Amino acid sequence: MDCDDGLCSSCLEDHKVNKASKKHQTIPQECEEHDQRLTCYCLDHYVTACAICVPEKHKQCTKIKPIDKLARHAKRSAELFEIERGIKELDKTVDELKNHRQRNIGTIKGQRKTISQEINYFRKHINKHLDKIESDLLKELEFKSEQNISEINILLAKLKERGAYIKSLGKTIHQLKESLSDVQVFLATKGFGEKLREEQEWVATLCTQNEAKESVLYNYPLIRN
């Protein structure tokens with residue numbers, strides 16, 4: 001319900017708080033500056049005016065019209081019709097935007113679900129790939145370690161054999177010293193000296209070869225990287 005009666009500022013406030021009329025749509029009909037009834041409308045500035053406003057602010061205006069005259073048939077005016085149509089179109093547009101945004105929420109939720117599933121699948125795929133890499137690395141580690149250990153055991157066997165031979169030379173020399181004459185020991189010494197040089201050369205050569213160097217697994221690129 002709209003109130004057609006003009007209300008002063010005080011009455012307008014009472015009208016707003018009154019239980020019976022607080023929901024009414026009130027339209028100010030009084031000049032806020034002069035507390036006079038709005039009686040004119042300036043078509044040059046498109047503003048309402050009271051009897052005091054006209055001579056003060058609209059002396060040069062040529063299109064001052066009485067509101068009562070302009071308001072005739074206002075309820076059926078083309079301007080009001082266009083406003084109503086504009087309101088309906090705007091209301092429709094707002095509803096469409098709301099519906100579109102609401103559907104957009106559903107779309108986002110659907111996309112979120114799909115992307116989450118893709119991430120989960122990708123994670124499983126990565127885990128599977130990492131499991132394979134881990135398995136391959138462990139197999140390679142096992143192979144390399146066993147290979148190194150095997151090579152070391154071969155070298156240990158050689159060293160054991162050579163060590164036993166060298167010890168036997170020392171034992172033989174000790175026995176010769178106890179049982180042979182100086183001449184015999186002198187002659188035997190030449191032969192033992194040659195054997196000693198052979199063993200020294202073998203050990204010296206061994207020390208320059210890779211098989212005598214310490215084996216470390218982290219030197220293998222597959223393990224290190």
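User: How many bridges join strand 1 to strand 2?
Analyst: Three bridges join them. Strand 1 covers residues 40-42, and the two strands run antiparallel. Keep in mind that this is a predicted model.

User: Which residue is the bridge partner of C40 in strand 2?
Analyst: A49 pairs with C40 there.

User: OK, and the sheet as a whole: what's the strand order?
Analyst: The order is 2-1-3. The sheet is open, has three strands and is paired antiparallel.

User: Which strands stand at the edges?
Analyst: Strand 2 (47-49) and strand 3 (64-66) do. Each has a single partner strand, so one side of each lacks a neighbour in the sheet.

User: Let's look at P66. Where is it?
Analyst: P66 sits in strand 3. It touches T39 and C40, leaving aside residues up to four places away in sequence.

User: How far is P66 from Y41 in space?
Analyst: They are 6.2 Å apart, C-alpha to C-alpha. In sequence, 25 residues separate P66 and Y41.

User: Why does P66 count as partly exposed?
Analyst: Its relative accessibility is 41%.

User: New topic. Which residues make the nonpolar surface patch?
Analyst: F122, I126, L130, I133 and L137 make it. The patch is about 400 Å².

User: Where is F122, and why does it count as exposed?
Analyst: F122 is in helix 4, residues 78-179. F122 has 52% relative accessibility, so it counts as exposed; the cut-off is over 50%.

Definitions and conventions. Residues numbered from 1 in each chain as written. Predicted model: local features only at pLDDT ≥ 70, side-chain atom pairs only at ≥ 80, totals over all residues. Heavy atoms only, no water. Pairing = 2+ DSSP bridges. Helix = DSSP H or I, 4+ residues; strand = E, 2+ residues; numbered from the N terminus. Patch = residues over 30% accessible without salt bridge, like charges linked within 9 Å, V, L, I, M, F, W, Y side chains within 5 Å. Areas by Shrake-Rupley, 256 points an atom, 1.4 Å probe, with all protein chains shown as cover. Salt bridge = Lys/Arg side-chain N within 4 Å of Asp/Glu carboxyl O. Buried < 20%, exposed > 50% of the residue type's maximum accessible area, 1.4 Å probe, protein only. Contact = heavy atoms within 4.5 Å.
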